[in-house]
Amino acid sequence: MTRECAVLLPGVCAALADPRQPGLDDTCLEKLLDWFRSLTWFDPTVELVQDNPCLTELLTSVLALPDASPSILSFTLQLAGILASSESRFQHLQQEKLLGRLFGREGPRGGAAWEEASVRSAWLKGVHSMLQHLPALHCLCSTGGMDVIFTLQGDPSLFVASAASQLLVHMLTFSLESETSKALSAKDSDWPACAQMIVKHIKESLQSSSASHIEQSLKLLSSLFGSCFGSCCAAWTEVLWLDIAKQIESFLLEETVQAQPLLANLLLNVARSSAFCGTEGSFWALVTSALEHLTPVQAGPLAVGLLKLCKCPQDVRIQALTVLLQPMDCILRAASQPLECAGLLDESVSDPVTVESLLSSKTSCAGLLCQTLTHLEKLLSLKHLRVDLPCVSLLRSLMTILQFCNGFLSPTSPLGSTISRNLINCSRVQKSALDVLAALSEKKDCDTLIGSLFDVLLAYLQSPNTSPTVLKKTFQATSKWLVHLQELPSSNSQWQQTEKILEDVLEVLQKRLCSPCWEVRDSSLEFLTSMVKCLRDQKEFRQCLLSSEVLRLTENLLEDPESYVRASAVTAVGHLALITCFAPEPPVIGNQYNKESIVAKLQEILSTDSEGFPRRAVISIFTKWLREGCTGQLEDTEQFVSRVIQTVEHDLDWEVRLGGLELVEVFCSQSICQLSQCPYAPVSSAVTSSTPQNELLQVFCRAKLFGFLFGSLCDCDKPVGQRACDVLVGLRGHFYPMSTLENPQEIEDSPAGRGIAWLQRTLRQGSLAQNFPTDGDVGVDFQDPESMMLALGAIDLLELHDELNKSSDHMEESPQSLLQDILAAVGTIEDNEVDCY
């Protein structure tokens, strides 16, 4: 603790203990606790409380208050726990007889303040902080504290109940780690005293007739096995599991027990623990039983969790996959009667009637399918799935679901008719199915269904009943499958199919670009951009695109009344230009698509659009063009960059200005590559005056880069200043090796040097004049190569870089400032003494 803080702390403690003072903001109290946590973390000695007696006086004063406010009492409980986290300070506070009055029977848990959830929560947090050594653990166990924690497990406040459960997990783990040295020979009778109390409580609760007690213990067990307890105390994990396994099995078989939904999470956490690495034993048999007896909704999360485990036995893994595929199999079988194609499964894990009844119910059908589809999408995203998914049948099932949802399939079976009625226009299921459909595009064995799949997707794209959110998902899935289509082996018949699909997709896209709904226009433009990104090198795609009306309609949307649509249109036009304007041999499609016209339109948007989104999109596209070398020779690029930065440097949107700096960075990098022999190495002093370096400086000065970069250093938005400084540091690294930097004292005698000195001082002050003086003793000519070379070498850019990268609260949130603010809030110091934040 600094001397300044030690001086302020007594006043803060006195103010906190004074009932006449107005209540402090909870945020200040939390910050104060954070400060004490950091102090005690680095210094476990007793000196903190001995050298600052005001801390124990605060605890004593609050305890003496007949009706301390809940916030101050909560703060005091947590502070006491933090201070008692080291054994030496714990013993000191015990001698002062403070801890018993705070956490024991005579403490607040016996008074009216205990009715406040915040006080009960603070008591638990204080105990949790304190329990970092055995004396605190023994003290709590011997003074009835365990019973309080067990009771708070069932607290009506979820925050309190959760904190109690977390505390018990910590206590059991800490007890086993600290009090046993022969964990490998662990037996039920060898539990340490504290651990024995917790385990006994768990067993009794599991055998209780109270559903809430059973639920609390199952939640606690899940937390235990899901924590480090399951890995660092593997032997004890097995002992505990053997004690409760029979009881857990009985819950599985008793279908009326309300605790069943919690069993899946418990079994999954046990399976993840290191105690069950092998494939032998009764545990996996119990998991198999759970997959059979839990409802499909309850078993789903367990199944997908097991499929992600490396150590899960293969037979259990296959059974878990079967659980997930059962609803999809039921959909496929219900679609037609008799069955026209094979289902997904040869046999079911549980009774198929259960799944059929859930899908037949209006209330449960969509929920079960959405859960199943979400799990399947997670599995498809895994790089190494240790079971084979029946992708073709799964794709067929997804197409059936989507056809049920839009009413394009009329099943003849009674079950199919019921499911179809339940799913009609169900956007939740449509979106989930389309997500899985998109994920399946990565698989290589679904090619036989390509034609049917695009029939389903096109039906959604064309239907006026498709909602904007579902349409967006349909576009995303279509884009993925169009890429897959291009990867298929080339043949005459395949090309005819591909051409027909592309023509159909672009035809419906033309209609959607004219939609009265702005969300639809926006999604259509995003889809177009995605297609161009993925397929622009495909000759067939370019031919179909250029023969459609898509380009004209997209350009019209640059003037859309909705700013989001204008921004998406800018992005789409920018990517289309890579085909129409900047291709090695651009197609002849009319003068309106020439490069000058497109560039002029986007520059107009950059300088005149009233919304930030389109302007950000323009600067992003300009940067992309520059990266891809689309702006011509160096002279053309120089003029282009100069015009852009002169526009964006006055933009009110900081993201646009930041985009301008990215453009400058790309331009600098490309210019250095073109004009330097070794673009990535610093230039030695022997060649700093060589022609390439002079030419490079002249290019940058003509483009007016330096005025933009130095001006951006003092931008009111910090990310802009940071990026500008990064660019300047990079430029200096190119023009100057570290050993050849200019000496500021030696250059001040020249007019240019005096201007650079002024610039250095101004930058340190953090503000730059709106208009830079270009003559006189303090003038800086940002277009003079010699002056800019001096500026790069003399100005301490690294110091500026450090300043810009400091957190904005590095001063304001210091402990000293916090203490001053608290004193100011209670009126004990003058306003002008405080650095309020």
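Predicted model: local features only at pLDDT ≥ 70, side-chain atom pairs only at ≥ 80, totals over all residues.
I started at Glu177, which lies in helix H11 (residues 158-179). Helices here are DSSP runs of H or I, at least four residues long, numbered from the N terminus. I looked up the exposure of Glu177 and found it partly exposed, at 48% relative accessibility. My cut-offs: buried is under 20% relative accessible area, exposed is over 50%, and partly exposed is in between (1.4 Å probe, protein chains only).

Residues are numbered from 1 along each chain as its sequence is written, and side-chain values use heavy atoms, with hydrogens and water left out.

**Entry: backbone**

I looked up positive phi values outside glycine. Lys97 has a phi near 55 degrees. Lys97 sits in the loop between helix H6 (87-95) and helix H7 (99-103). Its relative accessible area is 62%, so Lys97 is exposed. Lys704 also has a positive phi, about 60 degrees. I found Lys704 in the loop between helix H36 (691-702) and helix H37 (705-712). With a relative accessible area of 34%, Lys704 is partly exposed.

**Entry: aromatic pairs**

I paired rings of Phe, Tyr and Trp (its six-membered ring) if their centres lie within 6.5 Å; planes under 30 degrees apart count as stacked, over 60 as edge-to-face and the rest as tilted. The count comes to 14 aromatic pairs. One of them joins Phe283 and Trp284, edge-to-face, at 5.0 Å centre to centre and 65 degrees between the planes. Phe283 is buried, because its relative accessible area is 3%. Trp284 is buried too, at 4%. Another pair, Phe622 with Trp625, is tilted: 5.6 Å centre to centre, 45 degrees between the planes. Both residues of that pair lie in helix H33 (residues 612-627), three residues apart, about one turn of the helix. Phe622 has a relative accessible area of 0%, so it is buried. Trp625 is buried as well, at 0%. I also traced a cluster in which ring pairs link Phe225, Trp241, Phe283 and Trp284.

**Entry: salt bridges**

I counted a salt bridge where a side-chain nitrogen of Lys or Arg is within 4 Å of a carboxyl oxygen of Asp or Glu. The count comes to 24 salt bridges. Glu4 bridges to Arg3, with the closest N and O atoms 3.8 Å apart. Glu4 is partly exposed at 34%, and Arg3 is exposed at 62%.

I then looked up Asp653, which forms a salt bridge with Arg616, the closest N and O atoms being 2.9 Å apart. This pair links distant parts of the chain: Asp653 is in the loop between helix H34 (634-648) and helix H35 (654-675), Arg616 is in helix H33, and they are 37 residues apart. Asp653 is buried, with a relative accessible area of 11%. Arg616 is partly exposed, at 27%.

Glu662 bridges to Arg627, and the closest N and O atoms are 2.7 Å apart. This pair also links distant parts of the chain, Glu662 in helix H35 and Arg627 in helix H33, 35 residues apart. Glu662 is partly exposed, with a relative accessible area of 28%. I noted a network of salt bridges that links Arg536, Lys624 and Glu628.

**Entry: H33 against H35**

How do H33 and H35 pack? Their axes are 9 Å apart, at an angle of about 5 degrees. Axes are lines fitted to C-alpha atoms, for helices over the stretch in contact, and angles run from 0 to 180 degrees between N-to-C directions. H33 and H35 are therefore roughly parallel to each other, a class for angles under 35 degrees.

I listed contacts next (heavy atoms within 4.5 Å). On the H33 side they include Arg616, Phe622 and Arg627. On the H35 side they include Glu655, Glu662 and Phe667. By class, this contact has seven nonpolar, five polar and five charged residues. For these classes, Ala, Val, Leu, Ile, Met, Phe, Trp, Tyr, Cys and Pro count as nonpolar, Asp, Glu, Lys and Arg as charged, and the others, Gly among them, as polar.

Notes. Helix = DSSP H or I, 4+ residues; strand = E, 2+ residues; numbered from the N terminus. Parallel < 35°, antiparallel > 145°, perpendicular 65-115°, else oblique.
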